[in-house]
Amino acid sequence: MDLFITYLVLFACIIFLSQLFQKSTIPIALILVISGMLLSFVPFFPQINLDSALVLNFFLPLLVYQVSSFSSWRDIKKQMRPIALLSIGHVIFIAILVAIVFHALIPRMGWPLAFVFGAIISPPDSVAIVSIAEKIRIPERVFLILEGEGMFNDAAALTLFRLALAAAITNQFSMVHAVSNFFIIIIGELVYGLILGHVLGKLREKITNTSLHMIASFMTPFLAYIPVVKLGGTGVLATAAVGFVIGNQFTLRFTPEYRLIALAIWPTIAFAIQGLIFLLVGLDMRSTFMHISFIPWETLLLYIFSITVVIVVGRFIWVYGAVLCLPRLLSPTLRKKDPYPSWQYPFIISWSGIRGGISLAAALAIPALALDKSIVDPRDLLVFLVFCIIFVTLVLQGLSLPFILKKMGIDKVGQSERYREHLTELQAKFQMIQAALHWLLKYKEKIKNNNKLLSEVSLHIYEYQYLLNQFELSILDHDGKKRHDEQLEMDETLSLLLQIIHVERAELIKLWQEEKINLRVRNKLLATLDHQIQKKLI
């Protein structure tokens, strides 16, 4: 019961802080980590630590599935080259660099443990970047690359982590065995995920009950994740593959009621999980520090500074060298098809190497190792270093990134893209209304002898003709010479509708209070009014 109350308090903190800093460009992830750190020093607050099994076996599949099922495979596929180089190549590159530096700093830990640490700290977390992108629009291509990297890099990092940990425990390592296992796991997970996605998609499209479909939706990531983990894989790629198949091929076949509910519930679940992870990261600070408090601060600062420099500088080297320059130098076709982008784009990608809770969860999953512990338990030191690097990257890169984006003028590029996207949306709606109106006019001719149905069709024709004129005026107004405030336009469109619905809702409440309708009728009519607003918002 006490643990349940503690989690309720933590979720209350997430709600309060997220609402308080809603308009701030400071990443909510950093605010939650700092809040967790402060809570860890409150004497009467119960000690609660980040559970690695909870994060890796429960939170991670839900987060991966949510991102992949709401992402466009068509757009991700166009950026697959940089995404693959970042999510696999960058992870391996940083893991090797960090292992070399770690071994140079603490040689007594040995190479296997150095590679364990390198694998843990190698994958950036896209959560903080996404929260910044929601407030300061970054170019779509950059966002897709970072989102795709964040989706797939955990698979590469966790695979390396398990291989390195096995070597640390057994004191045996074979390069051929490790490389072959690495690629077998990746290919096997993708094949399994693609097949399972089609099977589950076919089964789920037969479910017409929305509640049952939501239950099936929550089960889907675990059906992809758990069997693969049991067989020695990471489960991340399999879950992502299932999400892509379901989201891109089968969502259109599901019921409208399910799509509306899923669109509201899944992002909420993801936000709650991400917030809880970062809050728990902060709460781990006190107990983590207590385990290594006897190590001199100068030594710890040297470790933190050296490793942070390696992961930050190493990312710049990899992005500019392996992702940007080398492929174009080797391939004239690529150079012609995809010329060198503006210098700001690779800089943003390079500076977006913030680490997150998955790294700490992996560190906490390390078992006690039979090493020389005369100075400190290796596991405690690794957990502390991971925690500090998460915090430093959140402060260093998370706080500075919004400022850098504005200084570079990248936010204007993002605004321009949003403007073009809004115009495309208006044009798509115009064509949809045109198609519907054309069908209505043809249908009217077929039913000209049915007076009752004819009057209803005529009403729809009038409504669609009005909408067609409104959208035509909106498109003409978007002439490219002036910027449009999409939110302001939406508010103006909603203003009259909200006033009308306010009158209807007031009358509905009056009928309920006078006991002229029961609760079921009240809720049904209230939902009808809510759907009218939702229809305008989507």
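**View 1. The largest nonpolar core of the predicted model comprises 135 residues.** A nonpolar core is a set of buried Ala, Val, Leu, Ile, Met, Phe, Trp, Tyr and Cys residues joined through side-chain atoms within 4.5 Å; buried denotes under 20% relative accessible area, with a 1.4 Å probe and protein chains only. The residues with the most contacts inside this core are Leu-10, Phe-102, Val-116, Phe-117, Leu-360, Leu-385 and Leu-394. This is a predicted model, in which local features need pLDDT of at least 70, side-chain atom pairs count only at pLDDT 80 or more, and totals for chains, interfaces and linings use all residues. Residues are numbered from 1 along each chain as its sequence is written, and side-chain values use heavy atoms, with hydrogens and water left out.

**View 2. Surroundings of Phe-117.** Neighbours within four places in sequence are set aside here. Phe-117 is then in contact (heavy atoms within 4.5 Å) with Val-98, Phe-102, Ile-307, Leu-382, Leu-385, Val-386 and Ile-389.

**View 3. A second, separate core of 13 residues.** Its members include Leu-423, Leu-454, Phe-471 and Ile-475.

**View 4. The chain as context for the close-ups.** Along its principal axes, the C-alpha trace spans about 90 × 65 × 45 Å. Buried residues account for 48% of the 538 residues. Of the contacts between residues at least 6 apart in sequence, 83% join residues at least 24 apart.

Methods: Buried means under 20% relative accessible area, exposed over 50%, partly exposed in between (1.4 Å probe, protein chains only).
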